[in-house]
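Thanks for making the time this morning.

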Amino acid sequence: MNTSSRLAPGIVSALAAAILFGASTPFAKVLIGHMAAVTLAGLLYLGAGAGLSGVWLWRRARDAETGLIERHDIPWLAAAIAVGGVLGPILLMFGLSRMPAANASLLLNLENVFTALIAWFVFHEHHDRRIVLGMVLIALAGALLTGQSYARLESILGPLAVMGACLCWAVDNNLTRRVSAGDPVLIAAIKGVAAGGVNTAVAVLLGERLPTPLTGAAAGVVGFLGYGVSLTLFVTALRHMGTARTGAYFSTAPFVGAVIALIGLHERAGVAFWVAAGFMAAGLWLHLSERHAHAHSHEALAHSHGHAHDIHHQHAHDSPWDGREPHVHYHVHDPLVHSHPHYPDIHHRHGH
């Protein structure tokens, strides 16, 4: 299987996740005018959790292949929910209530910079000069626009809150990578229900008023698409490409949100926007054109995830198998040494 075909599912998933999440920011800005920040954070995640729970149950009812969460993955998932599902959205809604949606959308680029730095220096994910340069160009794109936009802000509280949300989600992304072999729909559903339940309970304790049923339903739909489906696609991309590279592609999200906000507010995109878009395109090209291949060793590994019988999954089945691929079951990888183009996916987390 060639490099592009192996990586294509991860790229498509990451970009689709970016579009959905980026579009959710200006819509959340509209909703923040109808309810308090913590209430909105809760409803967004409840919408994501409820919708994806329904999808997961529907797949189970149709006897589709679905995975479960391994016991050793529970602490990682719980930590990701606490940091990214509870604290992050509250900070973002707080920030959105104190700054324009277009500015907030652009500042969200920091999430991807924080994500890459944590992946490289805390979790020691492989990176080379090409990947680092690509991330620098992507970061410059965000800095160019956000620096121009925030020169006119009267309060620093909004930007600081959004930056805090970015840091929370960066930690969340790296923690979620540890469980990315599991069913993405189930992972995102659990995060949505847990985070949404906690945030909504906090909103009630704070005495925030609940919105009208129609407004609440609108928040649920935005949450299902912008947080639930987006997170499912993001987890899928993590499985294929690792954290830093997924974050690089996901960095297109703020531009999606900014464009929607600019169109909705009938503003013009200045020269800085298009220069930044050029930096963004160059950074993404460096990531898209990466080719990484060398002789590497696979240690013995046992886990469960959706897979086809590729070069890393040459195993027999202990139970009857109907021949469908991809399929999900607990399987063992024997030690293996070989060379081929690869990325830091769930089977290539080795040192260099």
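This is a predicted model: local features need pLDDT of at least 70, side-chain atom pairs count only at pLDDT 80 or more; totals for chains, interfaces and linings use all residues.

Let me begin where A37, V38, L40, A41, L44 and Y45 of α2 are in contact with G84, G85, P89, I90, M93 and F94 of α3, contact meaning heavy atoms within 4.5 Å. Helices here are DSSP runs of H or I with at least four residues, strands are runs of E with at least two, and both are numbered from the N terminus. The residues of this contact divide into ten nonpolar, two polar and no charged, where Ala, Val, Leu, Ile, Met, Phe, Trp, Tyr, Cys and Pro count as nonpolar, Asp, Glu, Lys and Arg as charged, and the others, Gly among them, as polar.

Residues are numbered from 1 along each chain as its sequence is written, and side-chain values use heavy atoms, with hydrogens and water left out.

Returning to the geometry, α2 and helix α3, residues 74–96, pack at an angle of about 130° with their axes 8 Å apart; the axes are lines fitted to C-alpha atoms, for helices over the stretch in contact, and angles run from 0 to 180 degrees between N-to-C directions. That angle makes α2 oblique to α3, given that under 35 degrees counts as roughly parallel, over 145 as roughly antiparallel, 65 to 115 as roughly perpendicular and the rest as oblique. The crossing of α2 and α3 is right-handed, that is, the near helix is turned clockwise from the far one by less than a right angle, anticlockwise being left-handed.

As for the chain overall, there are twelve helices and four strands, and buried residues make up 53% of its 352 residues. Buried means under 20% relative accessible area, exposed over 50%, and partly exposed in between, using a 1.4 Å probe and protein chains only. Of the contacts with a separation of 6 or more, 87% are between residues 24 or more positions apart.

Next, the packing of α8 and helix α9, residues 213–241, whose axes come within 8 Å and cross at roughly 130°. These two helices are therefore oblique to each other, and their crossing is right-handed. On the α8 side the contact is made by P184, V185, I187, A188 and K191, and on the α9 side by G228, L231, T232, V235, T236 and R239. Those residues divide into six nonpolar, three polar and two charged.

Helix α9 also packs with α10, at an angle of about 135° and with the axes 8 Å apart, which makes α9 oblique to α10. This crossing, too, is right-handed. Eight of the eight residues of α10, residues 243–250, are buried, so the helix is largely enclosed by the rest of the structure.

How many salt bridges does a search of the whole structure find? There are two, a salt bridge being a side-chain nitrogen of Lys or Arg within 4 Å of a carboxyl oxygen of Asp or Glu. One joins D183 and R59, at 3.4 Å from N to O. D183 lies in the loop between α7 and α8, and R59 in helix α2, so the pair ties together parts that are 124 residues apart in sequence. Both D183 and R59 are buried.

The other pairs K191 with D172, their closest N and O atoms being 2.7 Å apart. Here K191 is in helix α8 and D172 in helix α7, 19 residues apart. K191 counts as buried at 2% relative accessibility, and D172 is buried as well, at 5%.

Finally, two individual residues. L43, in helix α2, is buried with a relative accessible area of 17%, and its C-alpha atom is separated by 8.6 Å from that of G197, 154 residues apart along the chain. Leaving aside neighbours within four places in sequence, L43 is in contact with M35, T200, P211, G216, A219 and G220. Y227, in helix α9, is buried at 7%, and its contacts beyond four places in sequence include F21, L44, Y45 and M93. The C-alpha atoms of Y227 and L44 are 7.2 Å apart, although 183 residues separate the two in sequence.
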